[in-house]
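I opened my notebook today to look at how two protein chains meet. Here is what I went through.

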Amino acid sequence: MSSKEEVLILDFWGSPFCMRVKIALNEKGVGYESREENLFGGKSELLLSSNPIYQKVPVLLHNGKPLSESSIIVDYINETWPSPPLLPSCPYEKAQAKFWVDFIDKKVFEAGGNIWRSNGEALEQAKQEFIEILKQLEEVLGDSDFFGGKAFGFVDIIAIPLTSWFLAYEKFGGFKVEDHCPKFSAWIKRCLQRDTVAKAIPDSEKVYELVAQLRKMNGIE
Amino acid sequence: MAGEVVLLDFWASMFGMRVRVALAEKGVKYEYKEEDLRNKSPLLLQMNPIHKKIPVLIHNGKPICESLIIVQYIDEVWHDRAPLLPSDPYQRAQARFWADFIDKKMYDSGRKVWTTKGDEQEAGKKEFLDNLKTLEAELGDKPYFGGDRFGFADIALVGFYCWFHAYETFGNFSVEAECPKLIAWAKRCMEKESVSKSLPDQKKVYEFVAQMRKNFGVE
């Protein structure tokens with residue numbers, strides 16, 4: 001691998017999907033540049049040309065070649081810089097990890113979105129569904145330190161950034177994740193102790209302000 | 001590597017077809033078990049408790065769920081023949097991107113075409129054709145999505161081909177008129193035995209969809 005690698009992330013500070021990419025690169029010890037996109041003001045030409053299909057962040061540009069979709073980007077990072085491995089080498093264990101990545105991708109952010117986008121009865125239901133999903137993930141975690149087992153891995157990387165939005169869900173939903181899912185809370189704290197994670201994840205209060213702003217923009221109060 | 005391989009599937013499922021094609025490409029013998037989706041077997045519910053959906057691959061008694069994950073698993077276990085994904089990480093990421101696009105877009109937009117009427121159906125049709133045109137543009141002049149070799153993105157999409165006749169009839173349009181290169185690609189894929197033996201006859205699919213439309217009261 002040449003020493004002059006160009007690794008650029010088209011980024012948005014509050015996006016959990018962008019945080020995944022940064023954590024993966026941090027875990028691999030790969031240096032990168034990140035360029036903040038103004039998602040409310042106007043997306044850059046580079047973003048629109050690098051991701052014409054979805055026009056979304058994150059985009060990873062590796063030596064100028066673009067990649068989109070955060071889980072796919074993390075997979076690419078894992079394969080391009082093999083050490084330390086983020087996925088098990090056994091095909092069955094790898095498939096299980098990918099199953100839970102897919103589950104988390106399909107369920108968590110949308111369920112959280114249903115909380116901050118709603119009021120009243122709909123909000124109560126959204127809360128219940130969200131807690132159910134976390135309980136399901138708690139079962140998967142079991143007594144392990146991480147979803148990867150003893151080692152922090154792919155599933156942890158996909159999941160932990162989503163928790164930066166939890167304070168916002170808790171405040172708008174009137175609940176605490178810790179009261180319902182203590183094991184999951186413990187896992188969050190464990191992940192945040194890793195420097196590779198902590199430096200990629202913004203302050204929850206800042207995210208809460210962002211979500212409050214999104215609520216206003218969506219006309220919810 | 002060898003061992004017992006069982007596939008829980010439903011004959012008309014384009015997701016199940018992905019797994020059939022992958023197993024056929026690798027020359028893997030397996031037991032096919034047809035599920036009645038209105039009356040799911042205890043085995044299915046036990047093997048896929050989270051989603052309760054087909055396809056499920058059961059290899060030596062252990063289940064793998066989600067069709068694209070199953071196809072990647074098959075590629076890794078039977079890695080000594082007919083590679084389904086490229087070896088270069090960037091090209092693998094591209095293949096995964098397009099398979100993911102197909103997963104996100106094709107089923108829902110196609111479903112709108114046969115389950116709705118009027119304005120809603122017109123919107124569904126437009127969305128469906130826009131998605132096909134995007135895929136056709138990506139294919140370009142290549143024989144397959146990955147280039148010269150039949151692979152992951154082709155496997156992700158090809159099962160939808162046997163549903164085109166149903167979509168076209170109920171939506172009143174022609175895929176060939178709108179996306180001729182994509183039809184040429186589909187026919188190229190159908191020349192492969194792994195594909196032609198894995199896809200049901202499009203007339204059977206049409207009859208199945210017609211019956212579902214009656215059941216849902218769309219007519």
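My entries below go from the interface to the cysteines and then to the backbone.

**Ground rules.** I am working with a predicted model, where local features need pLDDT of at least 70 and side-chain atom pairs count only at pLDDT 80 or more, while totals for chains, interfaces and linings use all residues. Residues are numbered from 1 along each chain as its sequence is written, chains are lettered from A and ligands numbered from 1 in the order in which they are written, and side-chain values use heavy atoms, leaving out hydrogens and water.

**Entry 1: the interface.** I looked up contacts (heavy atoms within 4.5 Å) and found 24 residues of chain A touching 25 residues of chain B. Next came buried area, the accessible area (1.4 Å probe) that two parts lose on being put together, summed over both. The two chains bury about 2,200 Å² between them, 67% of it on carbon and sulfur atoms. Of the area that chain A buries against chain B, 26% comes from Tyr54(A), Tyr92(A) and Phe99(A), more than from any other three residues.

**Entry 2: charges across the gap.** A salt bridge is a side-chain nitrogen of Lys or Arg within 4 Å of a carboxyl oxygen of Asp or Glu, and I noted 6 of them between chain A and chain B. In one of these, Lys106(A) pairs with Glu66(B), with the closest N and O atoms 3.0 Å apart.

**Entry 3: cysteines.** Which cysteines form disulfides? I took the rule as a pair of cysteine sulfur atoms within 2.5 Å, and the count over all chains is 0. For Cys90(A), the nearest cysteine sulfur belongs to Cys65(B), 16 Å away. I also checked exposure (buried is under 20% relative accessible area, exposed over 50%, partly exposed in between; 1.4 Å probe, protein chains only). Cys90(A) is partly exposed at 35%. Cys191(A) has Cys181(A) as its nearest cysteine sulfur, 15 Å away, and Cys191(A) is buried at 0%.

**Entry 4: the backbone.** I found a cis peptide bond between Val57(A) and Pro58(A), with omega about 0°. In chain B, the bond from Ile54(B) to Pro55(B) is also cis, with omega near 0°. Then I turned to phi: Asn63(A) has a positive value of about 50° although it is not a glycine, and Asn63(A) is partly exposed at 41%. Asn60(B) likewise has a positive phi of about 50° without being a glycine, and Asn60(B) is partly exposed at 45%.
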